[in-house]
Amino acid sequence: MSSTEELTSGVREAIRQACVLATEPLDDPVRRHAAHVVADTVGVSIAGGRTAEMTTMRDVDDELGPAPGGGGSTVLAAGAGLAPAEHAAFHNASAGSFLELDEGTRPTGHPGMHIVPAALAVAEAARRSGPELLSAVVAGYEVSARLLTAFRLRPPTHPHGHLAGVGAAVSVALLLGEDPVGAAAIAATTPVVPVWNACYVGATARNTAMGLAAQAAVRASRLLRAGFTGSLESIPAFFGELTGQPVDLDALREPPDLARPRIMRNYFKRHSACALTHGAVDAVLSLPAIPVDSIRAIEVHTVANNLKLDRRPFPNDLSARFSLPYAVSAALTRRMSTVDTFDYDPGVARLAEKVSVGVKPEFERRWPDHAPTEVVVHTSDTTLSAVVDDPRGHHHDPLSPDELRDKFAGLVGDVAGVLWERILALPEVTDCAGVLDPLRHASPV
């Protein structure tokens, strides 16, 4: 067992190594991929911002509106305008949690939706360049992915809100010229630590965990500037003892791969459900159409990490998105994957009662480098099965730029084309303040 001092030193070294990525111009493939992460995150947030909760939240938050002095950061909703950076970061990251379409990394979390809303808000308000924004996102992602690899969370701890929030604080500090270690220490000292139970019952306040972390990431640099201090020892205390355990110290100390940093090893999501369901959904959609009335039993063979979703949903959309039996049944019933596919439906829930979930040892040996899943469907006449090594969108089976653009267009709507081009042009942008102008000038949806 590593000592607290050794783990704290490793965390400090992870931040130092990650910041190396911000000291030199990024390679073209890395810049393009980082721009795709920014674009995908923005698109998911815009779509999530149309939910009833987020629409009402914008109406009741009396701190929204024109930011002081006419500057500020874009709230990611058509016609929503500018807000102080902290508020924009909170709204945009919270919105991005609603539809379960945000990108992620194995093992296991969602750095992009913590980092991009915070970094983009600050880059707009502070009028940083596109290359500065992308470098900060890549460095913050590196910190988050290293921490999520080094510390294995114990259930019921959920991966939103904390370790990726530390990476977000590093991104913001780099953009503002503050000490990234100092900002990370402040973010680490007061983490947001949600639990899986909120997802299971469908408690939508759970969707604000990433928003609170993104907001805290912006606030961390302001606290640092005001003379506040934090403790990096909080990370091994919280996530090496209280809610998790250290499993990979090498992930903290290894030199960065400049040609393939950890943001290049992410996954993009195609299905509006928890990522742990995606292999099974892909397997179902690879099968021929099966009359639902003929189905007698369904088996899902997967990895132990996914057993936390072996549960029946409560009758609401958020809970349904965190049920592996429900996701499989929705895919079998609807034969498609749209934003609405995994919304709760009583008929789909009844089919989910026929689903059993178990661990396949040979699959378990391949996780987390791969996420294999097998689905076996028994009907009155035959048995059909399909195996997926990795969900489509995983870095072993990546989405093409055209597929990412199509996803973005489906989420964003009328201004998608011009907004996509502006975000993909970030490597040449000298001032981020105008990148999202088309969205602010669009008619509210």
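Q: Where is Thr157 found?
A: Thr157 lies in the loop between strand S3 (151-153) and helix H7 (163-176). Helices (H or I, at least four residues) and strands (E, at least two) are DSSP runs, numbered from the N terminus. This is a predicted model, in which local features need pLDDT of at least 70 and side-chain atom pairs count only at pLDDT 80 or more, while totals for chains, interfaces and linings use all residues. Residues are numbered from 1 along each chain as its sequence is written, and side-chain values use heavy atoms, with hydrogens and water left out.

Q: Is Thr157 buried or exposed?
A: Thr157 is buried, at a relative accessible area of 8%. Buried means under 20% relative accessible area, exposed over 50%, and partly exposed in between (1.4 Å probe, protein chains only).

Q: And which residues is Thr157 in contact with, leaving aside neighbours within four places in sequence?
A: They are His162, Val193, Pro194, Trp196 and Thr243. Contact means heavy atoms within 4.5 Å.

Q: New topic: how many disulfides does the structure hold?
A: The structure holds 0 disulfides. A disulfide is a covalent bond between the sulfur atoms of two cysteines; here the criterion is a pair of cysteine sulfur atoms within 2.5 Å.

Q: What about helices H4 and H5, how do their axes cross?
A: The axes of H4 (residues 85-95) and H5 (residues 111-125) come within 9 Å and cross at roughly 150°. Axes are lines fitted to C-alpha atoms, for helices over the stretch in contact, and angles run from 0 to 180 degrees between N-to-C directions. H4 is therefore roughly antiparallel to H5; angles under 35 degrees count as roughly parallel, over 145 as roughly antiparallel, 65 to 115 as roughly perpendicular and the rest as oblique.

Q: Which residues make that contact?
A: H4 contributes Ala85, Ala88, Ala89, Asn92 and Ala93, and H5 contributes Met113, Pro117, Ala118, Ala121 and Ala125.

Q: How many residues of H4 are buried?
A: H4 is mostly covered, with 11 of its 11 residues buried. The elements covering them include helix H2 (28-48), helix H3 (52-60), H5 and helix H10 (209-225).
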